[in-house]
Amino acid sequence: MTMEGNAVLLAEDDEMSRSATCQFLRRFGYKVGEATDGPSALREASMGHYDLVILDLGLPGIGGEEVLGRLRRSGGMPVIVLTGRSEEAERVRVLDLGADDYVVKPCSLHELEARIRAVLRRGQVTPASGRIELGRLVVDKTLHRVELDGQTLDLTPKEFDLLAFLAASPDQVYSREELLEHVWGSTQDWQDPATVTEHVRRLRLKLEADPSTPRWLQTVRGVGYRLSHDDAFGTQTTGTDTTNGIHKGIASPFTGDDLSGESELQGIQAPSVVRSSSDVPGSRFA
């Protein structure tokens with residue numbers, strides 16, 4: 001299945017790679033526009049003709065990261081970054097800048113097309129309500145805003161995406177591989193699941209009164225993460241401090257965020273099956 005008829009802007013300065021990718025995507029029914037540098041990529045994207053941008057980071061004129069930043073500030077058009085930079089720290093940094101996916105060259109053109117479909121599908125999902133209220137925590141997908149006790153949290157785009165995904169199914173446990181698939185549109189073959197762990201850690205620093213004993217974003221030992229929806233969580237309190245609108249002193253039955261078994265969420269039965277995605281073989285390009 002393809003997203004036939006969708007328009008894709010390919011911003012790539014390498015003529016051979018650009019030509020091969022354009023021909024491949026057009027065979028799958030996509031309408032493909034081309035840009036060879038940063039200024040032309042921004043100009044084309046601003047025309048409003050495209051559903052998604054495939055962006056190379058090494059563009060001349062205006063660099064790919066600056067193009068990504070401007071696209072994010074101007075709207076919510078999905079962006080897949082296509083680059084030869086494979087370092088994990090670089091992937092995390094670019095995803096934090098707002099990229100919807102990160103693909104390292106050389107890669108399978110069939111997989112690239114599958115990732116395009118995955119990102120476009122996410123954009124087509126329309127929830128029954130854009131506002132999710134979990135007690136003191138409010139996630140507003142329409143306004144792209146998260147509030148805790150009435151205070152807006154300063155989240156990166158990918159931190160928001162992760163929290164919004166978990167908030168849509170409170171108390172459901174997701175493995176790191178599942179979160180890679182649903183939030184990043186990626187797989188463990190192409191992206192280290194530690195990316196998820198790092199984003200969970202950063203979210204807890206902003207969300208939890210005490211990140212070492214998380215009340216909202218919980219770890220299920222050896223399985224994954226869940227977002228608790230019970231605002232009255234905890235069976236006993238040792239005094240309540242509501243300074244700055246955050247309750248403190250709640251006795252918690254769980255600790256830490258390690259999935260290796262060094263810490264656990266007590267009393268939760270782990271699912272017997274953990275799903276994961278696999279790579280799609282196909283043509284390659286440099």
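Is Val-173 buried or exposed? In this predicted model, Val-173 is buried, because its relative accessible area is 16% and buried means under 20%.

The strands of a sheet pair through backbone hydrogen bonds, in either a parallel or an antiparallel arrangement. The predicted structure contains an open sheet of 5 strands, ordered 2-1-3-4-5, in which the pairing is parallel. Strand 2 (31-35) and strand 5 (101-104) form the edges of this sheet; each has a single partner strand, and therefore one side of each is left without a neighbour in the sheet. On average, and with direction ignored, neighbouring strands of this sheet are turned by 20 degrees against each other. Within the sheet, strand 3 (residues 52-56) is paired with strand 4 (residues 79-83) in the parallel sense, over 4 bridges. Asp-56 has Leu-82 of strand 4 as its bridge partner.

Helix 3 (residues 64-74) touches strand 3 and strand 4, and its direction makes about 155 degrees with that of strand 3. Helix 2 (residues 38-46) lies across strand 1 (7-11) and strand 2, and runs at about 165 degrees to strand 1. In the loop between strand 5 and strand 6 (107-108) lies Pro-106. The peptide bond that joins Lys-105 and Pro-106 is cis, with an omega of about -5 degrees.

An open sheet of 4 strands is also present, with the order 7-8-9-10 and antiparallel pairing. Its edges are strand 7 (131-134) and strand 10 (151-152); each has a single partner strand, so one side of each is left without a neighbour in the sheet. Strand 9 (residues 145-148) and strand 10 are paired in the antiparallel sense over 2 bridges, and Leu-148 stands opposite Gln-151 in strand 10.

Two loops of this region contain residues with a positive phi. His-144, found in the loop between strand 8 and strand 9, has a phi of about 55 degrees although it is not a glycine. The relative accessible area of His-144 is 45%, so this residue is partly exposed. Asp-149 is located in the loop between strand 9 and strand 10; its phi is positive, at about 55 degrees, although Asp-149 is not a glycine. With 25% relative accessibility, Asp-149 counts as partly exposed.

Helix 6 (residues 157-168) and helix 7 (residues 176-184) pack at an angle of about 110 degrees, and their axes are 10 Å apart. Helix 6 is therefore roughly perpendicular to helix 7, and it passes helix 7 in a right-handed crossing. On the side of helix 6, the contact involves Lys-158, Asp-161, Leu-162, Phe-165 and Leu-166, which meet Leu-179, His-182, Val-183 and Trp-184 in helix 7. The residues of this contact comprise 6 nonpolar, 1 polar and 2 charged. Helix 6 also lies across strand 7, strand 8 (137-140) and strand 9, running at about 110 degrees to strand 8.

The loop between helix 6 and helix 7 holds Val-173, the buried residue of the opening question. When residues up to four places away in sequence are not counted, Val-173 touches Glu-178, Val-220, Val-223, Gly-224, Tyr-225 and Arg-226. Val-173 and Tyr-225 are 52 residues apart along the chain, and their C-alpha atoms are separated by 5.4 Å.

Technical notes. Residues are numbered from 1 along each chain as its sequence is written. This is a predicted model: local features need pLDDT of at least 70, side-chain atom pairs count only at pLDDT 80 or more; totals for chains, interfaces and linings use all residues. Side-chain values use heavy atoms; hydrogens and water are left out. Two strands pair if DSSP finds at least two bridges between them. Axes are lines fitted to C-alpha atoms, for helices over the stretch in contact, and angles run from 0 to 180 degrees between N-to-C directions. Contact means heavy atoms within 4.5 Å. Angles under 35 degrees count as roughly parallel, over 145 as roughly antiparallel, 65 to 115 as roughly perpendicular and the rest as oblique. A crossing is left-handed if the near helix is turned anticlockwise from the far one by less than a right angle, and right-handed if clockwise. Ala, Val, Leu, Ile, Met, Phe, Trp, Tyr, Cys and Pro count as nonpolar, Asp, Glu, Lys and Arg as charged, and the others, Gly among them, as polar. Buried means under 20% relative accessible area, exposed over 50%, partly exposed in between (1.4 Å probe, protein chains only).
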